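This report sets out the computed features of one protein chain.

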Amino acid sequence: MPTNVPAVDPAVPADPGRGSAPPGGSRGRRKAPTSERAKAEARLGWWLAGPAFVIMVAVIFYPVAQAVWDSLFSYRLTAPADREFIGLRNYATILTDGVFWSALGVTALITVVTVFVELILGFILAMIMHKAIKSTRGLVRTVILVPYGIITVVSAYAWYYMFSIDSGYVNNWLSWLPGFNDELNWFAQGGTSLVVIMFSEIWKTTPFISLLLLAGLAQVPEDLSEAAAVDGANWWQRLSRVVLPNMKAAIMVAVLFRALDAFRVFDSIFIMTNGAYGTEVLSLLAYRTSIGRLEIGLGSAISVVLFLCVALIAFVAIKVFNVDLAGSKGGRK
């Protein structure tokens, strides 16, 4: 006798949602309905954070949009009536100029060297602050953080006068070294100038790195290190397999923040060499083009390229470290 009841495969488990899922749904899963309370909380969140979000977007993106717009014009402040739309020709000009690539190379060199050295020194200082005995911990942290509290311009002038051939005393300090010329003019050539500039950057901002890494060290569970020590792990094994993996988020933040800051270095170079002897960086090149030569269109194009480089650094750092800072996946991967 024929029947209209469809056959049921006993190998397929029963699915309560089966038959009620909408066509094209995600394999029978349905999104739980949002409660009225959750909707009200979401609306309240937008009302509270919305104004700040709009202001932040306006403050951040308006100058960028204006720079992008100006970079499409041949525009000099000395002849504003001759402003002319030229498309991407300003970008073609800077990308085919050796001065731009030299400035980009110097910027990348300063960024890589200073961030690498600061990361190592900052971790050592963070370990010292973390292990300092309780009675001296505040004093140790204060002493280490003093350089970061000094204004960058003041710090740059201090390092300039310290190494100056006229008023500096470093040559006298180093005169005992064999082969060292005590008449060395540090700011008369590119190599020695960059050494002083990078020294000043490292001295100034290493405390910032150490502060971030100290926060990361405080997040490492002590019981994990103690368990590793009980299992026979030596100091290096505990550091590389317990401490550093648990500091991944702090290391990423430290490297990212400092790399972005180092790539925009300006004050130290402006004061010490003003870009002479091959020490010009991208930010100084943009300043000299826009303010010095009043080439607004060309200077805006350099600024846009600098912005894209900074965005690329942030993107690469986030992808390389692969850390879930929002904590949506447990805080770390």
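Threonine 114 has a relative accessibility of 0% and therefore counts as buried, the cut-off being under 20%. In this predicted model, threonine 114 is a residue of helix α3. When neighbours within four places in sequence are set aside, the contacts of threonine 114 are Met198, Glu201, Ile202, Arg258 and Ala262.

## Overall organisation

The chain contains 13 helices and two strands. Of its 333 residues, 35% count as buried. Among contacts between residues at least 6 apart in sequence, 66% link residues at least 24 apart.

Residues up to four places away in sequence being left out, leucine 282 touches Phe100, Ala103, Leu104, Thr107, Phe263, Ile302 and Leu306.

Is valine 304 buried or exposed? Because its relative accessibility is 9%, valine 304 counts as buried. Beyond four places in sequence, valine 304 is in contact with Ala67, Val68, Ser71 and Tyr91. Valine 304 and tryptophan 69 are separated by 235 residues in sequence, while their C-alpha atoms are 10.0 Å apart in space.

## Pockets

Empty space can be located by rolling a probe the size of a water molecule over the atoms.

| Pocket | Volume | Lining by class | Largest contributor |
|---|---|---|---|
| Largest pocket | About 240 Å³ | seven nonpolar, two polar, three charged | α9, four residues |
| Second largest pocket | About 160 Å³ | two nonpolar, three polar, five charged | α7, three residues |

The lining of the largest pocket is formed by Met127, His130, Lys131, Leu217, Val220, Pro221, Glu222, Ser225, Trp235, Arg238, Leu239 and Val243.

Around the second largest pocket stand Thr152, Glu201, Lys204, Thr205, Asp261, Arg264, Val265, Phe266, Asp267 and Ser268. Here α7 (190-218) and α11 (267-272) each supply at least two residues of the lining. Glu201, which lines this pocket, is also one of the contacts of threonine 114.

## Backbone geometry in one loop

Most residues other than glycine have a negative phi. Which residues in the loop between α11 and α12 are treated here? Asparagine 274 lies in that loop, and its phi is positive, near 55 degrees. With a relative accessible area of 37%, asparagine 274 is partly exposed. Tyrosine 277 is located in the loop between α11 and α12 as well; its phi is likewise positive and near 55 degrees.

## Confidence

The mean pLDDT of the chain is 83, and 86% of the residues score at least 70. Among the elements, α2 has the highest mean pLDDT (93), and helix α4 (residues 137-149) the lowest (79). Over residues 1-26 the pLDDT is below 50, and this stretch has five contacts in the model beyond near neighbours in sequence. Over residues 329-333 the pLDDT stays under 50, with seven contacts beyond four places in sequence.

How values were computed. Residues are numbered from 1 along each chain as its sequence is written. This is a predicted model: local features need pLDDT of at least 70, side-chain atom pairs count only at pLDDT 80 or more; totals for chains, interfaces and linings use all residues. Side-chain values use heavy atoms; hydrogens and water are left out. Contact means heavy atoms within 4.5 Å. Buried means under 20% relative accessible area, exposed over 50%, partly exposed in between (1.4 Å probe, protein chains only). On a 1 Å grid over the protein atoms alone, a cavity is a set of points where a 1.4 Å probe fits but cannot get out, and a pocket is an open set with protein on both sides within 12 Å along at least five of seven lines; lining residues have an atom within 4 Å of a point. Grid points are joined across faces, edges and corners, and a volume is the space filled by probe spheres set on the points. Ala, Val, Leu, Ile, Met, Phe, Trp, Tyr, Cys and Pro count as nonpolar, Asp, Glu, Lys and Arg as charged, and the others, Gly among them, as polar. pLDDT is the predictor's confidence in each residue, from 0 to 100.
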